[in-house]
Amino acid sequence: MSEESIWQFCLDVLEQELPEQQFNTWIKPLQFIEEKRRIMLLSPNRFIDDWVRSNFFKKIKMLAKSRKKTIVVSLQVGNLEEVKRQLEEKKLSKLKVNVPQITNNTPPPAVPKGAFNFNETLDKKLTFDNFVEGKCNILARDASLQVVNNIGGSYNPFLIYGDSSTGKTHLMHAIGNKILKNNPEARILYLTSERFVQEMISAFQDKSIDKFKKYYRSANLLLIDDIQFFAGKPRSQEEFFHTFNTLLEEQQQIVMTCDRYPKEINGIEERLLSRFSWGLDVAVKVPDLDTRVMILMTKAKEVNMDLSQEVALFIAKLITTSIRDLEGALRKVIAHSRFTKTDISVDFVKTVLQDLVTLQGRSVSIVNIQKIVADYYNIKLSELLSKKRQRAISRPRQMAMFLAKELTNESLPIIGKEFSGRDHTTVLHACKKIEELKITNDQILEDYKYLKKVLVSGRLRA
Amino acid sequence: MNNQLALGIQLLDTANFDNFGSGENKELIALLQQVKEPFIYLFGASGVGKSHLLQASCFAAQQRQKTAFYLALNEAETFDNKMLQNLENYDVVCIDDIHSIRGKLEWEEALFHLFNRVFKDKILIVSANVAPQYVDFQLTDLKTRCGWGITYPVIELSDQEKAKILQLRAEHRGLELSDEVVQYVLKYSSRNMRDLLQFLEKLDYLSLAQQRKITIPFVASILKHY
C-alpha cells in the first residue's frame, strides 16, 4: 500500500467522522509529501499546526498505522515546494558524502589454496532492507550504516556483540552488501573466526603463510564472525593481531561479531582485547515483542505467505527465546498449513505449536491433565468430573487435582472450579492426600511420576 | 544385530519410507520425502524410529540424484570430531543422536560450525532425544541453531500400526506371521519398535534353525528366554 493511498484512507475516514466545517478548517489545508515509509504533513502556520497536533494528530497516526504498522507520520509547519526542494538537496548531499570511493590500484593478490574469493562469501540475501529494526537493535543498525558511510573511519574496528541469534551476522552481511553496492570493486571477505583459524593452519602446513598474509591484508573490508572462538588459540590470535594491525594502519575496515562483550571472553590476549576497543562496539539485544512481530511478518512475506497481524502477535508472544526459535516456529506453521491445506488462524497456530508450548513447559492445561489422568486410570472423563465417591474414581480425581496444582499456575479455587465447581478446600485436601500417599504407597508414586512425565513432555508416549 | 550403524558410512538397506508405518508422522514423512526443507529437527524417545527416518531420508535424496551422508553421533566416542569436516559438500547431511555429544565442548563447537556451513545452501536433518530447548548443550550458539529447524516429535506408532509393520517386515523375510501371533507378541514382548524388530530377526533365525513353524507356543517359548 503506498503512502499516498494510506493518507487518502486517513482523509476518507476523517471526512466521515468529523463535522464538515472542522474537516475543512483543519484537515483539508494539510499538505502531504510522500516519503518512503513516512507520511509527512505540512501545516500552513503555527496556529493550525498546534491545533491539529493537539486534536487530530493522535487519530491520524492511529489510522495510518492501522494500514501499515511501520509507517511514520510527521507534522510540521512548512510550504510544499520549499520542503520538497530541501529534501532533494539533502538527499543529494547525502549521496555525495555517503559513497566513499574505494580505489584498488593494484590487482588483487592470488587467492591462497582453500581460501574464498573476495565477495564470494557475502550472503546477498542479508541486507539492510530486510533487516527488521526495533528498540533492541536500532543502535547497532544505525551504527552499521555509519560504518558503510565512513569506511575505515573512526568506527574501526566495528564490533557488534550480543546474545546468540539476535541479528549480528545479518548486520554484518548488510554492511558488506551495501559497501559492495556502492563500490563494485571493493574487496570484501566474510568468514567465521573458525574458518580463519583453519585456513591459517593449512597455510602453515603448506608453507604458504606469506600468501595467506598478503591475501587477507589486501581486503578493503574484513568481516569476522564469532570472534569468541579465537579464545584459547594463541597462534591464531597472533596472526589475527598482525592482520588486524595492518588493516587498521591502511584504514581498511574491520567488522567483528561476538556473543558477549569481548572483555568477558577468557583466553584472548590482552593486547588483542584492547585493540578491539579502539573503534566502536555496540550491543544488540534480544528482540522485543514489536520486533518479533515484524520479523514474523517479514519472514512470512519472503515465502509468499499471508500472516495476519493477530497470528503474528500470537506467535511472537508465545516464542520469546530467540529469532531462530521464532523462525523455526513460523516454518512449522507454514509447513503444516501447506500440508493440511488450511488457512493460518490463531486456533490453527495453537494446535500446531502445541508441542512447542507444552514442551516449553508452559501451558499444561487442566483439561489436558484431566484427560490424561482419566485415560491412565481407565475411567471416563465424565466420571472423573462427577460427584461419585468410590475410591476408583475419587483417587484419580485427587491425582488430577494434585497435578493441576503442581503443573499449572492456576489458583486452588480455579482448579476446584474446573473440577465441576468444587470448593478449593477439596483441592487442598486432595493435594495433601496424594502427598501422603506418595510416601506410603509405591503405586501412587509410580502413577504420579509417569503422569507427570507424560504431561510435561507433551505428546510423546513415554 | 544392532540396528544402529557403527559409523554410518553405509545405510541400512531396509530403511525406507515404505516400511515405516507413518502413523501420526505423516506430515513429517511428507516433508522428509520432498528433500527441500533446509533444516529438520526430529526428536523422540529411543526406539520410535528416528534413525530409520534419517536413513530413509538419505535414500530419498539419493533417488533424486542428490548426495547424502548419514552419521550417528552415539558412536562419537570412537571417532574424532574431524569427522565433521567438509560434510557440507553433500547435498543432504543427516546427523543422528546429536544429544550424545552434549557437554563435550570441542564436539559442540565442531557441530556448530558444521551447521553454519551446511545452512549456507545444503539440507540438514538431525535427531535428538528431546526438543531443541531441552538439549543441554553448553554452547548457546548450538542450541539456538537447533531452534531454527522445523521441529517434529516422532510419535510412537500405535499397537495396530506396529502389528502391520511387523507383518510387512516378516513378509519381506518370507515369514508368515498370523494376526494371533502378532497380537501375542504385542501383548507379551516389549513394544518398543526396535525390540520388536530384533525379536523378529531372532524368530526368523530360530524358526529356520529349528525347522519350526511360527506358532504361538513356539513364540512363547522364545519369549520366555528373551
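1. Ground rules. This is a predicted model, so to speak: local features need pLDDT of at least 70, side-chain atom pairs count only at pLDDT 80 or more, and totals for chains, interfaces and linings use all residues. Residues are numbered from 1 along each chain as its sequence is written, chains are lettered from A and ligands numbered from 1 in the order written, and side-chain values use heavy atoms, leaving out hydrogens and water.

2. The largest core. Start with chain B, where the largest nonpolar core has 33 residues. (A nonpolar core is a set of buried Ala, Val, Leu, Ile, Met, Phe, Trp, Tyr and Cys residues joined through side-chain atoms within 4.5 Å; buried means under 20% relative accessible area, with a 1.4 Å probe and protein chains only.) Among the members that touch the most others are Tyr41(B), Ile98(B), Leu111(B) and Phe115(B). Strands β1 to β4 and helices α3 and α4 of chain B each give two or more residues, and α3(B) gives the most, with eight. (Helices are DSSP runs of H or I with at least four residues, strands runs of E with at least two, numbered from the N terminus.)

3. A second core. There is also a separate core of 32 residues, including Val197(A), Leu222(A), Phe241(A) and Met256(A).

4. Look at Ile98(B). Leaving aside neighbours within four places in sequence, its contacts (heavy atoms within 4.5 Å) include Tyr41(B), Leu111(B), Phe137(B) and Cys146(B).

5. Helix α7(B). Residues 193-209 make a 17-residue helix reaching 24 Å from first C-alpha to last, close to the 24 Å expected at 1.5 Å a residue (the expected span is 1.5 Å times one less than the number of residues). Its buried residues include Met193(B), Phe199(B), Leu203(B) and Asp204(B), and what covers them includes α5, α6 and α8 of chain B. After the helix comes Gln211(B), with a positive phi near 55°.

6. Where the chains meet. The buried area is about 2700 Å², with 51% from carbon and sulfur atoms (accessible area, 1.4 Å probe, that the two parts lose on being put together, summed over both).

7. Charged links. The chains share three salt bridges (a Lys or Arg side-chain nitrogen within 4 Å of an Asp or Glu carboxyl oxygen). One joins Glu109(B) and Lys233(A), the closest N and O atoms being 3.8 Å apart.

Definitions and conventions
Buried < 20%, exposed > 50% of the residue type's maximum accessible area, 1.4 Å probe, protein only.
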